[in-house]
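Have the viewer open while you read.

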Amino acid sequence: VWAYEAGLKADLLDNTLRANLAVFLNDITDLQQTTTRPDGTFPQENVGDATVWGWELELNATPADGLDLFAAIGFMDDQFDRLDPTSDARRAGSQNLPLVSDWTARIGGSYAWDVGERLTGKLGASLAYTGAFDATVTNVLEISDYTRFDGFASIGTRDGKWELVAAGQNLTDEVTYVSGIVAAPFPPALTVLKPRTWTLTLRYRLEPIVNRSLPNARDDSWP
């Protein structure tokens, strides 16, 4: 794999806005992918050569004390440059690499404020979009685009030593598939998006922290 990347970072508006732009190109030779067999095995096979290119823009803003906002959008384009004549991808007439979404996006933020002299409260939410993609190297199973909305509320000590977090994932309870495999003659095996889920977590840190930064915009485990 030959990977090329160029980026630009800028701090704007008196350092209240940070912008990161990255452009990349991956030139892949002798690509190997997992395929399926009727006996239920999943061997690796040589597929051929491929090219993947795209860009990603990330914005992080702190417009007011305690308020952190983020947004990210990414685009990817992929193609097979050469398919091995003996590969399942060639026999199926595949056009796209598996698990590559054209568009992804994420937006959200959090707000923290003092609760009395010793505690800090925090609210946050994020909305993530994943575009449609092919789940298999043979392109026989397409996963539709989907959106997930998460949120949390927390209260903890100012030094970050103790924190109680109530969080919810997939708050709109969207029902969709996020991956799958196809092994004829069996029906497709599909993985569904986790339904609306609530968690309550009590955290204790051995070493207190003073400043807490906003989680990475691509971190699905947030908060």
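## A salt bridge inside a helix

Arg 91 and Asp 88 come together through their side chains in a salt bridge, with 2.2 Å from N to O. Keep in mind that this is a predicted model. Both residues sit in helix α1, which covers residues 88–92. They are three residues apart there, or about one turn of the helix.

Are the two partners buried or exposed? Arg 91 is exposed, at 56% relative accessible area. Asp 88 has 12% relative accessibility, and the cut-off for buried is under 20%, so Asp 88 counts as buried.

## The other salt bridges

In total, the count comes to eight salt bridges. One of them joins Asp 30 to Arg 82, where the closest N and O atoms are 3.6 Å apart. As for accessibility, Asp 30 is exposed with a relative accessible area of 53%, while Arg 82 is partly exposed at 36%.

Another bridge to click on is the one between Asp 150 and Arg 148, whose side chains meet at 2.7 Å, N to O. Asp 150 is at 3% relative accessibility and counts as buried. Arg 148 counts as buried as well, with 18% relative accessibility.

## The aromatic rings

Now for the rings. A pair of aromatic rings is described by how far apart the centres are and by the angle between the planes. For this model, the count comes to five aromatic pairs. Take Trp 53 and Phe 75: their ring centres are 5.6 Å apart and their planes meet at 65°, so this pair is edge-to-face. Trp 53 is in strand β3 (residues 44–64) and Phe 75 is in strand β4 (residues 67–83), so the pair ties together parts that are 22 residues apart in sequence. Trp 53 is partly exposed, at 36% relative accessible area, whereas Phe 75 counts as buried, at 17% relative accessibility.

Phe 75 has a second ring partner to look at. With Trp 103, Phe 75 forms a tilted aromatic pair, 4.9 Å from centre to centre and with 55° between the planes. This pair also links distant parts of the chain, from Phe 75 in strand β4 to Trp 103 in strand β5 (residues 103–115), 28 residues apart. Trp 103 has 38% relative accessibility, and so it counts as partly exposed.

Which residues make up the aromatic cluster? Trp 53, Trp 55, Phe 75 and Trp 103 form one cluster. If you want to see it, select those four and show their side chains.

## Positive phi angles

Back to Asp 30 for a backbone detail. Besides its salt bridge with Arg 82, Asp 30 has a positive phi of about 55°, although it is not a glycine. Asp 30 is found in strand β2, and its relative accessible area of 53% makes it exposed.

Asn 170 is another residue other than glycine with a positive phi, this time near 50°. Where does Asn 170 lie? It lies in the loop between β10 (162–169) and β11 (177–181). Asn 170 is buried, with a relative accessible area of 1%.

One last stop is Arg 203. Arg 203 has its place in strand β13, residues 197–204, and it is partly exposed with a relative accessible area of 25%. How many residues separate Arg 203 and Asp 84 in sequence? They are 119 residues apart along the chain, and 52 Å apart in space from C-alpha to C-alpha.

Definitions and conventions. Residues are numbered from 1 along each chain as its sequence is written. This is a predicted model: local features need pLDDT of at least 70, side-chain atom pairs count only at pLDDT 80 or more; totals for chains, interfaces and linings use all residues. Side-chain values use heavy atoms; hydrogens and water are left out. Rings of Phe, Tyr and Trp (its six-membered ring) pair if their centres lie within 6.5 Å; planes under 30 degrees apart count as stacked, over 60 as edge-to-face and the rest as tilted. Helices (H or I, at least four residues) and strands (E, at least two) are DSSP runs, numbered from the N terminus. Buried means under 20% relative accessible area, exposed over 50%, partly exposed in between (1.4 Å probe, protein chains only). A salt bridge is a side-chain nitrogen of Lys or Arg within 4 Å of a carboxyl oxygen of Asp or Glu.
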